[in-house]
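User: I would be grateful for a close look at a single part of the structure shown here, followed by an account of its surroundings.

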Amino acid sequence: MRQVDTDSAPARRDPAPSRWAYRLHRLWLTPAVRKFLRLGLPLAVSGLALTWVFAQPQNRSAFTEMYSDIRRSIAERPEFMVQVMAIDGASEELSADIREILPVDFPISSFDLDLEAMQEVVEQLDAVARVDLRIRPGGLLQIDVTERIPAVVWRVQGMLELLDEAGRRVAALYARTDRADLPLIAGLGADREVPEALELIAAAGPIADRMRGVLRVGERRWDVVLDRDQRIMLPETRPVDALEQVIALHQAQELLARDLAAVDMRNPARPTLRMRPHAVEELHRIKGIELGDILQ
Amino acid sequence: MTDLYESQRAMRAMRKAALQRGVIAILDVGTSKIACLVLRFDGPEQYRENDGVGSLAGQSAFRVIGAATTRSRGVRFGEISAMNETERAVRTAVQAAQKMANVRVDHVIACLSGAMPRSYGLAGSIDLHDATVTEQDVARVLASCEVPDLGETRHVLHAQPVNFALDHRSGLNDPRGQIGNRLACDMHLMTIDGDAVQNLLYCIKRCDMELAGIASSAYASGISSLVEDEQELGAACVDMGGGSTGLSIFMKKHMIYADSVRLGGEHVTSDISKGLQVSLATAERIKTVHGGVVATGMDDRERIEIGGDTGDWEHDRRTVSRAELIGIMRPRVEEILEEVRERLDAAGFEHLPSQQIVLTGGASQIPGLDGLAPKILGNQVRIGRPLRVQGLPQAATGAAFASCVGLSLFAAHPQDEWWDFEMPIERYPARSLRRAVKWFKDNW
């Protein structure tokens, strides 16, 4: 007799989670654990793997070699190579100077050119007011230079130097006659007051043919030196006004054409004339004659 | 009395911690099902600004983010009888709810329906030191309540001051700051069997969770099923569960009486099973699909296949008429309702100003109960469903989830219990700092 077991179906599965499944589920729902498993653990594992790989010197050197190889293969493409240097806006000597102080061996990759450092180097030249460097397509290193324009010649301690309007040195000068067109200033500290000197020179227009230059005295005030050893001594403050005063006197009374050694305006309220000995004698003689006439 | 509060105070502290963390679980350990809800508390402000919804009786403070139900195992009459089975069922429910909420829950508020609840009304009164009632006076009057002998293994579940009276004025909710000579209070104390609590505690411990509160399910159902004026004027909530039927009487928004009848829907099922000679599962299905308590002529003609899988054709093709099924179910339902009536009479329910009775719980869904119940319980009977709370799945809005929902409301807005008040200074240890402060206050 065959036994038919119809109701011995497989035992119903228990829907309850086991204790460990329950605990693991709760652990998984814990925010800290979750964050750690999703972010911290992968990061830690990859970090460890990287550390392990780079701990071996041959791996490290292989990596750096590979890196530099790739970099070189890109940098040395012909598109990035610089062949020529072109200097615009500089005189012959200045561009020669620039070529001398920029030691660049062409052809060179533009990745290896440090334009900012090169700009700093060029700007250290006295004759350069401003310089722009850029790499133009076609492998050209373009250097645009703005030169300093000399405004005055400065004579100090037996040397001649060219200064620009702000008093910055431009170049040395070997002979005054090389730049006879520029006015002359002299004296220690004159380079710091070049704008004032230029104002004085401009104000001295009417006597420009007689003026030899302006002299800084004691690093505080100016003398205007004229030919025939005449000088106009100007005060520390508002020297231009004092000079204009003297020029007005000259235009009215031919002051400077007379036999004077100096016009002393150091105290503007009390202008003083210093005469030469011969003129003094002449004055005394004339006074004597005039007085004699009166006495007689 | 002090040691009695220790566990309750610890639970209260734990609930505070859970609320601060923002997530708490609600666990209803019933005879027929175990339900678990996961609540998230994030304050009412979050919803107030954008959609203009005010705090709906405090419900907007929380949101149900996880809900799960599983068939209960190892629970009889609302008490745990097979601990391992129950633990597994709790684990199933909690895990499913956590999975739905996608958050880990560490604190749980549980309710249990059986364990023979017993209600006591306590009264106490004191003379006030000075005319004004202070916190300390409230503490003293609560301490002065005469506590009856509860029994060795009984555990205090609820102890709520329901009324304060100052001299001849009664019905005060909060006597602090008022002036009088004699302060009296009434308190409702509810005890249950301590072993049941211990078993529940053990089950929850085994699930790696901590108990943050415990309540009677009759009380929780009352909170969720009675509307506000019913709670205020006086009403009884009858929670017809699977293994036991809890009843709680509310008055002035306080529970004043609770009891439970050890009969429920499962007894109806077992009656059907015995009467029709079918398995319990089939009986349960027949009860829920075809059940009823009021027979009509139509029911005589309606035949129900009750089936079977014995292989005997005659046996497997049996049918019964629906009238027969009703004939089996009705006496048992009547018995339950009569038992409830007896308990209500014993509690003096007829003296309340309003005698509304609200039937809720899974067994209250039997068709025709609204016709049968008034014959036994009186005219003012309605079938109640729990309040709607935010985020509750549609499947969990039925009457069977009244105590779950009530427990959520209880978690959001707990009533003051005895242990939430200050302890009277006299009961502090002799070297306590508070006692020193009190001495200074009294003497300067």
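Is B:Pro367 buried or exposed, and why?

Analyst: The model is a predicted one. In it, B:Pro367 counts as exposed, because 12 C-beta neighbours lie inside 10 Å and a residue with 12 or fewer is classed in that way. The residue sits in the loop that runs between strand 17 (356–360) and helix 13 (369–377) of chain B. Not counting residues up to four places away in sequence, B:Pro367 touches B:Gly291 and B:Gly292.

Another part of chain B to consider is helix 8 (residues 265–276). Its twelve residues should span 16 Å at 1.5 Å a residue, and the end C-alpha atoms are 17 Å apart, which agrees. Buried residues of helix 8 of chain B include B:Gly265, B:Glu266, B:His267 and B:Val268, and B:Thr269, B:Ile272 and B:Ser273 are buried as well. The partners against which the buried residues of this helix pack are strand 12 (235–240), helix 9 (280–290) and helix 12 (322–347) of chain B. Just after helix 8 of chain B comes B:Gln277, which takes a positive phi of about 60°.

The surroundings of one member can be given in detail: leaving aside neighbours within four places in sequence, B:Ala110 is in contact with B:Leu27, B:Val29, B:Leu200, B:Ile204, B:Leu211 and B:Ile214.

The overall make-up of the chains gives the wider setting. Chain B contains 15 helices and 18 strands, and 44% of its 444 residues count as buried. Among the contacts in chain B with a separation of 6 or more, 71% are between residues 24 or more positions apart. Chain A contains eight helices and 14 strands, with 17% of its 296 residues counted as buried. For chain A, residues 24 or more positions apart account for 48% of the contacts with a separation of 6 or more.

One stretch of chain A carries an annotation: an unreviewed UniProt entry places the feature "transmembrane region" at residues 36–55 of chain A. In the model, this span is 100% helix and 0% strand, and its end C-alpha atoms lie 26 Å apart.

The two chains also meet. Here, 13 residues of chain B are in contact with eleven residues of chain A. On the side of chain B that touches chain A, helix 3 (residues 83–101) of chain B provides the largest share, six residues. By residue type, that side of chain B divides into two nonpolar, six polar and five charged residues.

Definitions and conventions:
Residues are numbered from 1 along each chain as its sequence is written. Chains are lettered from A and ligands numbered from 1 in the order in which they are written. This is a predicted model: local features need pLDDT of at least 70, side-chain atom pairs count only at pLDDT 80 or more; totals for chains, interfaces and linings use all residues. Two residues are in contact if their C-beta atoms, placed from the backbone, lie within 7 Å. Helices (H or I, at least four residues) and strands (E, at least two) are DSSP runs, numbered from the N terminus. Ala, Val, Leu, Ile, Met, Phe, Trp, Tyr, Cys and Pro count as nonpolar, Asp, Glu, Lys and Arg as charged, and the others, Gly among them, as polar. UniProt positions are given in the numbering used here, feature names are shortened, and annotations may be inferred rather than shown by experiment. A residue is buried if 20 or more other C-beta atoms lie within 10 Å of its own, exposed if 12 or fewer, and partly exposed in between; C-beta atoms are placed from the backbone. The expected span of a helix is 1.5 Å times one less than its number of residues.
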